[in-house]
Amino acid sequence: MEKKRRSIVQRVSWILIWTSVLSFAGGCFALSRLEASNTEYIYQLTGELLGGSVRELEERLEDIQDTLYGLVVSSEIQEAGSLLIGDGEESPSALEQASGLNVIVDSIQNGIRSDQAIVCANFLYGEGLVRVAASTSYCRLSEEAADAVEEQALAASGQNVFLDGETLMGEENLLIIAKQLRERKNLSLAHIGVIVLFVDVEELGRALTDAHDGIFVLQGQDGMLEYVLNDTEGLMEEQDLTRLWEREAGYSIEYLGGRSWFMVSFGASGEFFSYTLLEPYTELFADVRQAFAIYAGIFALCSVAAMLIAFLSTHRVTRDIKLFIQHISKISGGDTAQLPMYERQDIHDKDVYALKGAFNKMSARINELVRDNYMKQLLVKETQLRALQSQMNPHFLYNTLNSLYWMAKTAEMPAAADMISSLGILLREAISDEEFVITIDRELDIACHYFIIQKHRYEDRLEVKFDVSEECSSLVIPKFTLQPLAENAIAYGLECMLGTCTVEIRIFLEREACICQVRNTGPGPEEGLLDKLKAGIVKPKGNGIGLMNIQQRIQSVFGEAYGVDIFREGEETVAQIRMSCISLEEYRSSAAAGGKPNGKRIQNDGGG
């Protein structure tokens, strides 16, 4: 492979470009390290600022749990609960139940009034019965949701149960905390009911949102609870938040809602929740971006100035070289009997001046050699022309065969006359370069003359049949397509068996395509013959027109979807050609318009 050469200007340009690229890369690396350092500092500062807010939120959750525990163990609620369920021997009256239930609801309402984050409470008892103790909002569990909450509270055996309000009630940012109320009297632990508190997570998380303007994602340690705070644009509504609670503490840059966000994950930083903060990236790193823009602008100006200086400096150096190259280009493009000397005197570069002297010496020597060899070349060409004129003209051979035909006729040798006549017709078709494609009817005539010769040779051992549809006779086919296939049928069929071999040519239409088949009753072909010929695994025999040659000519006329195939059908070997249905007039019109191949001749690839 020839080595790629570059001019002086190109080399200087490449040096400047690479210098600029390396300088720009170094500056970008320095800015990236500055940005990384700034990011790490912001991450640490954010952790310190929000640590106190997270602790405050967690403490408020602990206070709410303490409130719930205080309600469960309070003497008023325990006494009312005992009154509500009776002593076990006889059921309480309706008045006793109503009285106990009112005491429980009033005690719950008084107990939650002091905490603004608890907006409401429900007391679940009996079979799907719900009583509401409202504080700042009215929340009531449906019968189905109440059964689900009661089931989980009972399964927790007195432990607190945390549930998502959106899942149960369709209320966003609502945390449901439930705890079973059991009778402590005489340590019976009998089930009285379930106290359910509704906590407003937005009110609970004001310690976070008041301290920072970013979006907060709160997730329970088991990944089941998810709350988004301060998301005024609804950015996180379409996002999959499941992956966040699995993240370890750290930070990353995320692209959400068409903007870049600085995402800080605090991992399992609290007892109840893990916390993730998202802040607009551009607002945090505006100074770094501004520094990068200034650096890029200064770098671009310096690069343009360096390029201009380099081009002006190299122009004087390359001027003499370009003029010398122009002189050589005129010589190579002109029709000159000898090489002209380079006469220019105003050459500033010392090396180019030395090159001029060497070139002029070389030109003088070449002109001398041209004069010495001119006559020798004339003698060689004349000898070659005489040798070409002495070659035998193929038409002389055809005329000779014609004479032999009439001599055989005169001598009453009809078999010899027929063979000579058919051979002459085949020779005439072979030496004719006027047509690349002919009609199927004419191609069948060529095959018939070939069979006449072979019939006289093999006599009764060869039986020939034709089954040709009249609709196909006027369609085109590349010249000398059927004859090589018939020759293969005899070479690989008849000559490989002792008995009679039947060779049949079938031509018919099938699904808007013309199918030409040459069948023989000889032995089957080698499996995968065409693929092996393409891969060069199998070498073709003989010196005739091979299968790959026919394949290429078919595809050059009709396209890649058509071609040759060889297969075994019953007791017969079939060489099949698939062609498009095109008449001779359509082919000539398309060829004249440039729509079809113009009959490009393909070299023989050896016998098939």
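Predicted model: local features only at pLDDT ≥ 70, side-chain atom pairs only at ≥ 80, totals over all residues.
1. Overall content. The chain has 608 residues, and 40% of them are buried. Its secondary structure consists of 17 helices and 17 strands.

2. Contacts and surface. Among contacts in the chain with a separation of 6 or more, 62% are between residues 24 or more positions apart. The chain exposes about 35400 Å², and carbon and sulfur atoms supply 53% of that area.

3. Helices H2 and H3. Helix H2 spans residues 75-85 and helix H3 spans residues 94-112; their axes come within 8 Å and cross at roughly 155 degrees. Angles over 145 degrees count as roughly antiparallel, so H2 is roughly antiparallel to H3. The crossing of H2 past H3 is left-handed.

4. Residues between H2 and H3. On the H2 side the contact is made by Glu76, Ile77, Ala80, Gly81, Leu83 and Leu84. H3 contributes Glu96, Gln97, Ser99, Gly100, Leu101, Val103, Ile104, Ser107 and Ile108. By type, the residues of this contact comprise eight nonpolar, five polar and two charged.

5. Helices H13 and H14. Helix H13 (residues 440-458) packs against helix H14 (residues 482-492) at an angle of about 25 degrees, and their axes are 9 Å apart. Since angles under 35 degrees count as roughly parallel, H13 is roughly parallel to H14. The crossing of this pair is right-handed.

6. Residues between H13 and H14. From H13, the residues in contact are Glu443, Leu444, Ile446, Tyr450, Phe451, Gln454 and Tyr458. They meet Leu482, Gln483, Ala486, Glu487 and Ile490 of H14. The residues of this contact divide into eight nonpolar, two polar and two charged.

7. Cover of H14. How many of the eleven residues of H14 are buried? Eight are, and the helix is mostly covered. The buried residues are Leu482, Gln483, Pro484, Leu485, Ala486, Asn488, Ala489 and Ile490. Of these, Leu482, Gln483, Ala486 and Ile490 also take part in the contact with H13.

8. Residue Gln555. Where does Gln555 lie? Gln555 belongs to helix H16, which covers residues 547-558. Leaving aside residues up to four places away in sequence, Gln555 touches Glu560 and Tyr562. Arg578 is 23 residues from Gln555 along the chain, and the C-alpha atoms of the two are separated by 9.8 Å.

How values were computed
Residues numbered from 1 in each chain as written. Heavy atoms only, no water. Axes fitted to C-alpha atoms, helices over the stretch in contact; angles between N-to-C directions. Helix = DSSP H or I, 4+ residues; strand = E, 2+ residues; numbered from the N terminus. Parallel < 35°, antiparallel > 145°, perpendicular 65-115°, else oblique. Left-handed = near helix turned anticlockwise from the far one by under 90°. Contact = heavy atoms within 4.5 Å. Nonpolar A, V, L, I, M, F, W, Y, C, P; charged D, E, K, R; others polar. Buried < 20%, exposed > 50% of the residue type's maximum accessible area, 1.4 Å probe, protein only. Areas by Shrake-Rupley, 256 points an atom, 1.4 Å probe, with all protein chains shown as cover.
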